[in-house]
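I went through this structure for cavities and pockets, and for what lines them. My entries follow.

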Amino acid sequence: MGPFPPPPPRPPRRRGWFARQSEGVRITIIGAVIAGVFSLGGAVLTAALTDRGDDPSDAKPSARPSPTVTTGPPAPTTTASEPPSQVSSDSPASPPGESGESGESSADESAPPADRAYEVFYDKQTMSLGLPPGSDLGTIDFDAPGTHRYTEDEWKALAEKADGDGAPVEADLTYRHYFNGFLTLQNGRNAAQLQPTDPSEKAEDCARAARVGGFTEVKMHEWDLPAKTVLCVVTDKGNIARVVVTGFIGGNSDEIGEPPTQIGLRVTLWKPRG
């Protein structure tokens with residue numbers, strides 16, 4: 001037998017996309033693939049090290065601090081606009097004689113109470129103011145204390161002298177005119193007529209009422225000043241007189257023009273302290 005015939009020639013092998021690239025491009029592609037493999041491997045390794053199961057204690061702590069969680073009731077907050085008077089009473093009180101800001105006592109704290117601003121000069125003194133006949137008049141001075149009877153001329157002279165001196169007459173009340181019985185508060189005083197039901201016997205209450213005023217004169221022939229009525233008077237000396245009408249002598253309340261000939265009084269006088 002003769003020699004085997006030679007095999008037919010193989011068709012030319014087609015070159016792929018990578019093979020058709022130049023050598024520089026192939027090197028770049030190979031380097032990129034190798035770098036990607038290492039990056040993927042690092043990520044897988046990190047995940048394996050940080051996630052080791054369901055136990056949260058195995059997890060790697062985050063670099064950012066987590067917010068604090070409280071289980072109790074929220075603490076009260078005080079805004080800048082909240083006035084000092086609304087601050088909780090649990091806060092310590094300021095020591096005596098100190099205020100919250102300046103450390104000085106207020107004027108009200110240093111001032112004495114009103115009922116200590118006066119002292120008793122005499123207490124519940126019994127007096128009687130009479131109505132003289134004719135043109136004479138009876139007077140009462142709570143500051144002295146004392147009563148006096150003047151003729152019309154004597155009283156006129158006293159009033160003129162007082163006017164010349166620029167001072168009021170000494171008497172606080174006058175009682176005159178036998179038909180009408182005018183009980184009159186003299187100039188330089190202030191007085192208030194209180195109802196018999198007013199219970200206060202304190203100096204400051206009487207002084208407050210007297211300064212408000214309202215009483216100037218009453219016609220006793222109309223019997224408009226019943227027993228137990230209280231008159232609070234600021235005298236010309238600045239003293240406070242509490243005058244209680246205790247009763248009447250003479251006169252006739254059922255007849256016009258017959259005022260009482262005497263008015264019974266019970267007087268307490270306070271002087272300003274100091």
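Second largest pocket. The model is predicted. I began with which elements line this pocket: strand E2 (137-141), strand E3 (146-150) and H4 each supply at least two residues of its lining. H4 gives the most, with five residues. I read a volume of about 230 Å³ for the second largest pocket. Its lining has 18 residues, and the closest to the pocket centre are Tyr-150, Leu-158, Val-169, Glu-170 and Ala-171. By class I noted ten nonpolar, four polar and four charged residues in this lining.

Helix H4. I checked its length, since H4 covers residues 152-165. At 1.5 Å a residue its 14 residues should span 20 Å, and the end C-alpha atoms are 20 Å apart, so the two agree. Just after H4, I found Gly-166 with a positive phi of about 75°.

Largest pocket. I got about 270 Å³ of space here. It is lined by 16 residues, of which Lys-124, Glu-201, Arg-242, Val-244 and Arg-266 are the closest to its centre. Strand E1 (118-130), E9 and E10 each supply at least two lining residues, and E9 gives the most, with four. The lining divides into seven nonpolar, two polar and seven charged residues.

Cavity. I found one cavity of 30 Å³ or more; the largest cavity holds about 40 Å³ of space. What lines the largest cavity? I listed Leu-129, Leu-173, Leu-183, Leu-225, Leu-231, Val-243, Val-245, Ile-263 and Leu-265. These are nine nonpolar residues, with no polar and no charged ones. Strand E9 (240-249) and strand E10 (262-272) each supply at least two of the cavity lining residues.

Terms used. Residues numbered from 1 in each chain as written. Predicted model: local features only at pLDDT ≥ 70, side-chain atom pairs only at ≥ 80, totals over all residues. Heavy atoms only, no water. 1 Å grid on protein atoms, 1.4 Å probe; cavity = no way out; pocket = protein on both sides within 12 Å on 5 of 7 lines; lining within 4 Å. Points joined across faces, edges and corners; volume = space filled by probe spheres on them. Nonpolar A, V, L, I, M, F, W, Y, C, P; charged D, E, K, R; others polar. Expected span 1.5 Å × (residues − 1).
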